[in-house]
Amino acid sequence: KGELFVNYIGSTKGASIEIYSTLGQLMLKKMIEGANTELDLNTYPNGLYVVKVLNTEGKIEQVTKVIKE
């Protein structure tokens, strides 16, 4: 229930995932290690989070919102 799976197509070397709280606090930053990356959100409180996927140049590729219940 607290896992988030991210599928990334493209060069993963240097690409990363960032998770922010609704207050803009960086909660997690993880380097993408392959096409499929699993993030464990079990230790985070329930609520809304913003997930950003950044490419190898640090530019935002995708932004999405997730609700942890």
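Q: What is the accessible surface of the protein, and what makes up 50% of it?

A: In this predicted model, the accessible surface of the protein comes to about 4700 Å², and carbon and sulfur atoms account for 50% of that area.

Q: How do you know which secondary structure elements the protein has?

A: Helices are counted as DSSP runs of at least four residues and strands as runs of at least two; by that count the protein has zero helices and six strands, so that from the N terminus on the elements run β-β-β-β-β-β.

Q: Why is the protein called as compact as a globular protein of that length?

A: The globule rule gives 11 Å for 69 residues, and the radius of gyration of the protein is 12 Å, which is close to that value, so the description as compact as a globular protein of that length applies. Along its principal axes the C-alpha trace spans about 30 × 25 × 15 Å.

Q: What makes a set of residues the largest nonpolar core here, and which residues have the most contacts inside it?

A: Such a core requires buried nonpolar residues joined through side-chain atoms within 4.5 Å, and the largest set has 14 residues, with Leu4, Val6, Ile17, Ile19, Ile32, Leu39 and Val51 having the most contacts inside it. Two or more residues come from each of β1 (3-7), β2 (16-21) and β5 (47-54), and the largest share, three residues, is that of β5.

Q: Which residues does Leu39 touch, not counting residues up to four places away in sequence?

A: With contact taken as heavy atoms within 4.5 Å, Leu39 touches Gly2, Glu3, Leu4, Val6, Ile17, Ile19, Leu28 and Lys30.

Conventions. Residues are numbered from 1 along each chain as its sequence is written. This is a predicted model: local features need pLDDT of at least 70, side-chain atom pairs count only at pLDDT 80 or more; totals for chains, interfaces and linings use all residues. Side-chain values use heavy atoms; hydrogens and water are left out. The radius of gyration is taken over C-alpha atoms; the globule rule is 2.2 Å times the number of residues to the power 0.38. Accessible areas come from the Shrake-Rupley method with a 1.4 Å probe; for residues, only the protein chains shown count as cover. Buried means under 20% relative accessible area, exposed over 50%, partly exposed in between (1.4 Å probe, protein chains only).
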